[in-house]
Amino acid sequence: MPILRRLLLASARSAKLGSLAERSRLVRPVVDRFVAGSSEADAVHTTGRLLSSGLNVTLDFLGEDADSAEQTAATVAAYCSVINALGRATAGGRAEVSVKLSALGQALPRDGDKIALENARQICEAAAAADTTVTLDMEDHTTTDRTLGTLQDLRADFPWVGVALQAYLTRTAGDCRDLSGPGSRVRLCKGAYAEPTSVAYQGNAVNDSYRSCLEILLSGEGYPMIATHDPKMISAARELIVRQNRTPDSYEFQMLLGIRPEEQRALVGSGNRVRIYVPYGGQWYAYFMRRLAERPANLTFFLRALASG
Ligand code: FDA
């Protein structure tokens, strides 16, 4: 992995840099390209705009690595509130939510998994009442087993809960096989964390793995959610969709807010369902740094704004 990317991903974990950046108003214009805003009203507004242009949405209330039960309760309340605020827009899952288990308490030293599961359950109940769905984001590889365990527990009551799998992990083809059964919602992404070679492919091998995982998911019986901006991965998916006779309601493409909007519209124009991942909230720093790591070209602009703040 290039040094700059590694450095950016390491800084994404710095609480000090995070609070400095999040307090600076001057970086907001750069951040606004990737984040809907800091309030629920901002999230609802952006969701309405995207829905009216034919896109679907998954909302992410920003924040990760909660270090107290109070903090996780506030996150649950924020999710339940935004699901209610979206009201009818969520019907049929057109606007759903994405959740990081670390924001729900997974990393708490005592009973982290149990707390995260109970918190996730409350969000799932609100989603069920609004006729929408929830997808679990995937974080670094030390959490994969626990996240998949929580997924299984949730699916016993809410079979529509989805999960993200990361093609850069060497284990992921196996996880795709395990999760390719009827109704299983799996978001396939490349993976956004700095992972060691002992568990993760590097460089081009990630693309090879992404293609293999796509093939497993698209030839399975589940509902693949193809999360990538990479034109090569998108055309590999489109070939497989045709080869597997997939109907447009049996899969979807997903992209992040602010990245390749013209491609988002083109995919909708050619009859595909497309969902945009829309983050909102004040704790945007870690999310934003992972986006910078994917595209260091945006870095100079960001640093200049931060320095002058
Ligand atoms: P790649 O990084 O190779 O980029 C391909 C092309 O896309 C680039 O050449 C450029 O044109 C454009 N591009 C990509 N990133 C850009 C950026 N930041 N700014 C501008 N242009 C950019 N990861 C994870 O570990 N856990 C998760 O739960 C999720 N969830 C998730 C949901 C959704 C809907 C998406 C789209 C992605 C994720 N990710 C994720 C992130 C994912 O793992 C990955 O880091 C990014 O999507 C970038 O990978 P690409 O497949 O886009 O390819």
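**Around the ligand**

In this predicted model, the shell around the ligand draws on two domains, with at least three residues coming from each of domain 1 (1-34 + 284-309) and domain 2 (56-281). The shell comprises 24 residues, of which Asp137, Ala164, Cys189, Thr228 and His229 come nearest to the ligand. Two or more residues are supplied by each of four elements, namely strand 4 (162-166), strand 5 (185-189), strand 7 (252-256) and helix 12 (285-294). Among the contributors, strand 7 gives the most, with three residues. Sorted by class, the residues of the shell divide into 11 that are nonpolar, eight that are charged and five that are polar.

**The chain as a whole**

How does the radius of gyration of the protein chain stand against that of a compact globule with 309 residues? Such a globule would have a radius of gyration near 19 Å, and the 18 Å of the protein chain agrees with this, so the extent of the chain is in line with that of a compact globule.

Two further values describe the packing. Of the 309 residues in the protein chain, 45% are buried. Where contacts join residues at least 6 apart in sequence, 74% of these contacts in the protein chain are between residues at least 24 apart.

How values were computed:
Residues are numbered from 1 along each chain as its sequence is written. This is a predicted model: local features need pLDDT of at least 70, side-chain atom pairs count only at pLDDT 80 or more; totals for chains, interfaces and linings use all residues. A residue is near a molecule or strand if its C-beta atom, placed from the backbone, lies within 6 Å of it. Ala, Val, Leu, Ile, Met, Phe, Trp, Tyr, Cys and Pro count as nonpolar, Asp, Glu, Lys and Arg as charged, and the others, Gly among them, as polar. Domain bounds come from an automatic or database domain assignment. The radius of gyration is taken over C-alpha atoms; the globule rule is 2.2 Å times the number of residues to the power 0.38. A residue is buried if 20 or more other C-beta atoms lie within 10 Å of its own, exposed if 12 or fewer, and partly exposed in between; C-beta atoms are placed from the backbone. Two residues are in contact if their C-beta atoms, placed from the backbone, lie within 7 Å.
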